Amino acid sequence: MKLIFYGADKEVTGSCHCLEACGKKILIDCGLQQGSDGGDNREFPFYAQQVDFVIITHAHIDHSGRLPLLVKNGYQGKIYATGATCDLLSIMLRDSAHIQEMDAINANRKGRRAGKMLTEPLYTVKDAQDTIRRLEPCVYGDLVQLCDGIRFRMVDAGHLLGSASVELWAEENGETRKIVFSGDIGNLNQPIIRDPQYIQKADYVVMESTYGNREHEPIASYIPDLAKVFDETLDAGGNVIIPSFAVGRTQELLYFIREMKEKKLVKSIPDFPVYVDSPLAAEATEIYRGDLTGYADEDTLRVLREGFRPLRFSNLHICESVEESKSLNEDGVPKVIISSSGMCEAGRIRHHLKHNLWRSECAVVFVGYQANGTLGRILIDGAKQVKLFGEEIAVKAQIHNFKALSGHADHQGLLRWIGSFTQKPRRVFVVHGEKEICEGFTEELKTLSYHAYAPNYRAAADLIANTILEEGVEPIRAKAKARKVQAAFARLLEAGRRLTRVIQENEGGANKDLAKFADQINALCEKWSR
C-alpha cells in the first residue's frame, strides 16, 4: 500500500496524490500548476491509462485543472466529486479549455511571424466535455465503494461550495489503513457555505498548509474596512478593481456587498454600481442561486427562506460580452469591477488593470491568495511598474490586500483541524504550501508530538510499514524570465512527448512487437546519448 505525491509538494498549486492499493491506482485531485510553481503541466509522472479512479476534493483549477489532459491521455474511469463540485466543474473545465485554446491561438499568431513551431493547446473544449461526462456526483457522508477493499466518504471542508475532505479506507492482505486527505481546509464564518467539518480518526493525514505561518484578520471588521476603501475611491472619482476567483470568492463578495448596501456603509455613492465582468462568474453565480440544501450555512438558508436573494441587489450588472467589458473603462462613471482571474494571470482583469493601475484615484483590492510569480503577487509585493499587453504600466493606484476574506484556514484554523483527531495519526503529510511554510508548519507539528513530514515531488510512502520509500525531488522554481528554447530543440521536445504517447497507446501489444519497438528506441538513445 503506497502513497505517492505528484503535485503541490512544497508548492501551492497542482495538487495531485496517488494511492496504490488492492492492485488499483487512485488519484486524489489532478490540478493545474500556476505562477512560478515548477514543472510542466503537459507531462504526467505516470501513465493516465493506468489510473483506475479519480477523486476530486473541489472545483478550483489548482485541484482539477488537468483532468481534461488526463482524459485526453487515455484515462477512462469515473471522476468522483460532490454534486455541487460536479456542477461547478462542468463550467470551470470548459472555461479552462477555452483559455487553453485561445492561448495557443495567440501564441501561434506571434509564433508564425517569428518562424516558430506551432503550439498545441494543453487540451480542448472537446477534451473538457469528454471529462465532464465522467463526473460521478457524491453526497456528503455517504460511503462509496470504489472496488473490493477500497471505500471513501466525503466531509464538508468549508472552503468552496461542494468542497470536501476525503476519508478513504484501504484493506490489503488483512491490513486496513484509513487515510484522510484534507483538500483545502476552509476559513471560519465565510458567507454562504458552512464551516469546515472535523474528522476524529485516521491512520494517515495529508493536509494543506497554505497559511501555516499567519493568522487572518477578524471577518467582523472586513465589511466596514472594505466599505471605507469603496467610499474613498468612488468619492475621488476612481474605480475599485477587484481581481477575484470566479467561483466562490466572487459570490462571497456579492453577499458582502449586498449587506454593505443594506447598511448604507458607502456614503459618497450609496447605490454604487457593481459590475461582475466574467462569463464564468456569471454561470457560477447561477449555481449559487440554485438549491443550496446540504451546502449552505444557516444564515444563508434563513435569507432564502425569508424570500431574499442573497446575491442580488440594486445596481448589480453582469457583463457577458467583450463589448460590455470594454465599455466599463470608457464611461467615466466610478464603479466597482469584479473580474477574473483572481491572480491576474489571464482573463478580463488584465485589461481593467491596464486601464486603471496608472490612475492614482483608483484602487485595486485583492481578496484571495496570490501565488509566487503571479501578477497579483507582484503587485502586492510593491511593484512600481508592470508590463501588460506589451506596454509598461505605472502602478499609481492604491493596492489593498484583504487577507480576512480567505477561503483557507489560517494558522490557528489548521491547528484546530489537525487537533480534532482524538488520537494522533501515524504520520501527517504536510502539502499545499510554499516551501518555507510547509517546512515550518511541519516542524511546529513535530513540537506538538505529531509524526509530521513535508514530502517532495514524487516522494513515496509505504502505509503498511509507515516508512518513506522515496524522498522525491525538490520543486523546480520557474525563472522570472524563462530561457529561450531554440526552435529545433522545442521540436525535439515535442517529438519526445509524441513518443511517450505512442508507447502508452501500444500497451497490451504483442511481446515480439513491443520488444522490437524497445530495441529501436534503445538504439536511438545509444546514438544520441552524451
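A salt bridge is counted here when a side-chain nitrogen of Lys or Arg lies within 4 Å of a carboxyl oxygen of Asp or Glu. The structure is a predicted model, in which local features need pLDDT of at least 70 and side-chain atom pairs count only at pLDDT 80 or more, while totals for chains, interfaces and linings use all residues. Residues are numbered from 1 along each chain as its sequence is written, and side-chain values use heavy atoms, with hydrogens and water left out.

By this rule the count comes to 24 salt bridges. One of them joins the side chains of Lys-435 and Glu-439, at 3.1 Å from N to O. Both residues lie in helix H13 (residues 435–447), 4 residues apart, about one turn of the helix; helices (H or I, at least four residues) and strands (E, at least two) are DSSP runs, numbered from the N terminus. Lys-435 is partly exposed, with a relative accessible area of 23%, and Glu-439 is partly exposed as well, at 28%, where buried means under 20% relative accessible area, exposed over 50%, and partly exposed in between (1.4 Å probe, protein chains only). Through salt bridges that share partners, Lys-10, Lys-435, Glu-439 and Glu-474 are joined into one network.

Another salt bridge links Asp-203 with Arg-426, whose closest N and O atoms are 3.7 Å apart. Asp-203 lies in the loop between strand E10 (175–181) and strand E11 (204–208), and Arg-426 in the loop between helix H12 (411–418) and strand E20 (427–431), so the pair ties together parts that are 223 residues apart in sequence.

Arg-350, placed in helix H10 (residues 349–356), is buried yet has no salt bridge, the nearest side chain of opposite charge being that of Glu-345, 4.5 Å away; Lys and Arg count as positive and Asp and Glu as negative, while His and the chain ends are not counted. A polar atom of the Arg-350 side chain does, however, lie 2.7 Å from the backbone oxygen of Cys-344.

The interior can be followed through its nonpolar cores, each a set of buried Ala, Val, Leu, Ile, Met, Phe, Trp, Tyr and Cys residues joined through side-chain atoms within 4.5 Å. The largest has 110 residues, and Leu-19, Ile-55, Phe-152, Leu-168 and Phe-230 are those with the most contacts inside it. Helix H3 (residues 83–114) gives the most to this core, with 8 residues. Apart from it lies another core, of 21 residues, including Ile-418 and Phe-421.

Phe-230 is among the buried residues of H5, as are Leu-226 and Leu-234. What covers the buried residues of H5 includes strand E12 (240–243), H6 and strand E15 (336–339). After H5 comes Gly-237, whose phi is positive, near 85 degrees.

Val-266 lies in the loop between helix H6 (249–262) and strand E13 (274–277), and counts as buried because its relative accessibility is 2%. Its C-alpha atom is separated by 6.9 Å from that of Phe-230, although the two are 36 residues apart along the chain. Leaving aside neighbours within four places in sequence, Val-266 is in contact (heavy atoms within 4.5 Å) with residues including Ala-227, Phe-230 and Met-260, and Phe-230 is in turn in contact with Val-266, Met-260 and Phe-272, among others.

Technical notes: Polar contact = N/O pair within 3.5 Å; in protein donor to acceptor, adjacent residues only side chain to side chain.
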